[in-house]
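Biologist: Could you walk me through this structure in plain steps? I am new to it and would like to see how its parts sit together.

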Amino acid sequence: MSGDIDSTFKRLGEWYPQVIKDEKSVICLLLHSQRFIEYIRAEQLEDAVHYGRANLASFLTHEAFEWLLKDSVALLAYEKPAESCLGYLMGSPQREFVADAVNAAVLSTNPTMKDPESCLYSCLERLLRQLTVCSLERRAFNNDQGDAFLLHKEMQNYERSRRS
């Protein structure tokens with residue numbers, strides 16, 4: 001949650017190496033993209049570019065999270081990325097999302113757990129994932145026209161409608 005991804009990789013390597021054993025796993029993708037975002041947050045753009053080239057390029061074939069890579073890299077285009085339309089990636093909810101994914105992966109390593117997959121996603125998370133995929137598929141079907149489903153935007157719209 002603090003954004004110290006280097007320590008996270010180190011601790012996972014020491015305590016739960018199976019979580020990051022597959023260097024092309026979703027957990028590694030999330031951690032690497034968050035590290036890239038943390039460089040941008042610290043205004044270390046040159047380091048972000050070097051890190052992205054060295055660590056994110058191998059994930060370009062990860063279709064499920066292609067949007068995350070594109071949006072993360074697009075942060076470089078903005079003078080004030082935190083104030084851009086992609087600024088949500090630099091906020092605490094994104095850090096929390098990554099931390100939750102890492103925690104779920106760690107919990108799934110418990111040898112006494114009967115169904116390790118069950119802790120990875122709650123029913124609500126599965127529903128939101130399905131909604132996101134359907135929205136992205138609809139958008140792709142319409143030649144990338146229309147909005148993609150972004151939970152934070154939907155939550156903001158909901159809050160606005162409740163107030164009025």
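Predicted model: local features only at pLDDT ≥ 70, side-chain atom pairs only at ≥ 80, totals over all residues.

Biologist: Which residues of α5 are buried?

Modeller: Helices here are DSSP runs (H or I, at least four residues), numbered from the N terminus, and α5 covers residues 66-74. Its cover includes α3, α4 and α6. The buried residues of α5 are L68, L69, D71 and S72.

Biologist: At what angle do α3 and α5 pack?

Modeller: Axes are lines fitted to C-alpha atoms, for helices over the stretch in contact, and angles run from 0 to 180 degrees between N-to-C directions. The axes of α3 and α5 lie 10 Å apart, and the two helices pack at an angle of about 15°. Angles under 35 degrees count as roughly parallel, over 145 as roughly antiparallel, 65 to 115 as roughly perpendicular and the rest as oblique. So α3 is roughly parallel to α5, at about 15°.

Biologist: And which residues of α6 make the contact with α3?

Modeller: The helices α3 and α6 pack at about 150°, again with axes 10 Å apart, which makes α3 roughly antiparallel to α6. Contact means heavy atoms within 4.5 Å. On the α3 side the contact is made by I27, L30, L31, Q34, E38 and R41, and on the α6 side by Q94, R95, F97, V98, A101, V102 and A105.

Biologist: Why does Q34 count as buried?

Modeller: Q34 sits in α3, which spans residues 26-41. Beyond its neighbours within four places in sequence, Q34 is in contact with I5, Q94, R95 and V98. Q34 counts as buried because its relative accessibility is 1%.

Biologist: Which side chain does that of Q34 join in a polar contact?

Modeller: A polar contact is a pair of N or O atoms within 3.5 Å; within protein, one must be able to donate a hydrogen and the other to accept it, and residues adjacent in sequence count only if both atoms are side-chain atoms. An α-helix has 3.6 residues a turn, so residues three or four places apart point the same way. At 2.7 Å, the side chain of Q34 joins that of E38.

Biologist: Is V98 buried or exposed?

Modeller: V98 lies in α6. Not counting residues up to four places away in sequence, V98 touches L30, L31 and Q34. With a relative accessible area of 3%, V98 is buried.

Biologist: What does the side chain of S25 reach?

Modeller: S25 is in the loop between α2 and α3, and it is buried, with a relative accessible area of 13%. Setting aside neighbours within four places, S25 is in contact with V19, F59 and H62. At 3.2 Å, its side chain reaches the backbone nitrogen of C28.

Biologist: Is E43 buried or exposed?

Modeller: E43 lies in the loop between α3 and α4. Although not a glycine, E43 has a positive phi of about 60°. With a relative accessible area of 69%, E43 is exposed.

Technical notes. Residues numbered from 1 in each chain as written. Heavy atoms only, no water. Buried < 20%, exposed > 50% of the residue type's maximum accessible area, 1.4 Å probe, protein only.
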